Amino acid sequence: EVAAAEFIVFPNPVSRNVSMQFDRMLNGNYIVEVTSLSGQVIYHRNVKLKNSSNLQFDLNSKPPSGTYYLRITDTKTKVSQ
């Protein structure tokens, strides 16, 4: 079983720019999703990482204040983090 990488997200709170710092190098194709507490996906993107321990992306617009879930899923192993 492949263990999920741990990560930190900054800045907190997020305005539009999001940075993720992983605890190890990642390789492969991933799906990045930002979801509201009600389950609404406010951001969805496919990314390819090669020997990278960080990922940066911009949300289309500043989300309303609140709590959001950020998930990155390996498209090959289906492991979510």
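Modeller: Begin with a definition. A residue is buried under 20% relative accessible area, exposed over 50%, and partly exposed in between. Keep in mind that the model is predicted. Now apply the cut-offs to V41. Its relative accessible area is 41%, so V41 counts as partly exposed.

Biologist: Where is V41 placed, and which residues does V41 touch?

Modeller: V41 sits in strand β3, residues 41–58. Leave out residues up to four places away in sequence, and V41 touches E33, V34 and T35. Also look at Y69. V41 and Y69 are 28 residues apart in sequence, yet their C-alpha atoms are 9.3 Å apart in space.

Biologist: Is S36 buried or exposed?

Modeller: S36 has a relative accessible area of 11%, under the 20% cut-off, so S36 is buried. Its place is in strand β2. Set aside neighbours within four places, and S36 is in contact with T67, Y68 and Y69.

Biologist: How many helices and strands does the protein have?

Modeller: Zero helices and four strands. From the N terminus on, the order is β-β-β-β.

Biologist: How do I read the overall dimensions?

Modeller: Compare the radius of gyration with that of a compact globule. For 81 residues, the globule value would be near 12 Å; the protein has 12 Å, so the two agree. Then take the extents. The C-alpha trace spans about 35 × 20 × 20 Å along its principal axes.

Biologist: What share of the residues counts as buried?

Modeller: Of the 81 residues, 33%. The accessible surface comes to about 5,600 Å², and carbon and sulfur atoms hold 48% of that.

Biologist: And contacts across the sequence?

Modeller: Take contacts between residues at least 6 apart in sequence. Of these, 53% join residues at least 24 apart.

Biologist: How do I look for pockets?

Modeller: Rolling a probe the size of a water molecule over the atoms shows where empty space is left. Here the largest pocket holds about 410 Å³ of space. Its lining has 17 residues, and the closest to the centre are N12, P13, V14, G66 and Y68. Two elements give two or more residues to this lining: β2 (17–36) and β4 (68–74).

Biologist: Which element gives the largest share of the lining?

Modeller: β4, with three residues. Twelve residues are nonpolar, four are polar and one is charged.

Biologist: P13 is among the residues closest to the pocket centre. What is the peptide bond from N12 to P13 like?

Modeller: Check omega. The N12 to P13 bond is cis, with omega near 10°. The bond from F10 to P11 is cis too, with omega near -5°. P11 is found in the loop between β1 (7–10) and β2. P13 is also found in the loop between β1 and β2.

Biologist: Where does K78 lie, and is K78 buried or exposed?

Modeller: K78 lies in the segment after β4. Its relative accessible area is 59%, over the 50% cut-off, so K78 is exposed.

How values were computed:
Residues are numbered from 1 along each chain as its sequence is written. This is a predicted model: local features need pLDDT of at least 70, side-chain atom pairs count only at pLDDT 80 or more; totals for chains, interfaces and linings use all residues. Side-chain values use heavy atoms; hydrogens and water are left out. On a 1 Å grid over the protein atoms alone, a cavity is a set of points where a 1.4 Å probe fits but cannot get out, and a pocket is an open set with protein on both sides within 12 Å along at least five of seven lines; lining residues have an atom within 4 Å of a point. Grid points are joined across faces, edges and corners, and a volume is the space filled by probe spheres set on the points. Ala, Val, Leu, Ile, Met, Phe, Trp, Tyr, Cys and Pro count as nonpolar, Asp, Glu, Lys and Arg as charged, and the others, Gly among them, as polar. The radius of gyration is taken over C-alpha atoms; the globule rule is 2.2 Å times the number of residues to the power 0.38. Buried means under 20% relative accessible area, exposed over 50%, partly exposed in between (1.4 Å probe, protein chains only). Contact means heavy atoms within 4.5 Å. Accessible areas come from the Shrake-Rupley method with a 1.4 Å probe; for residues, only the protein chains shown count as cover.
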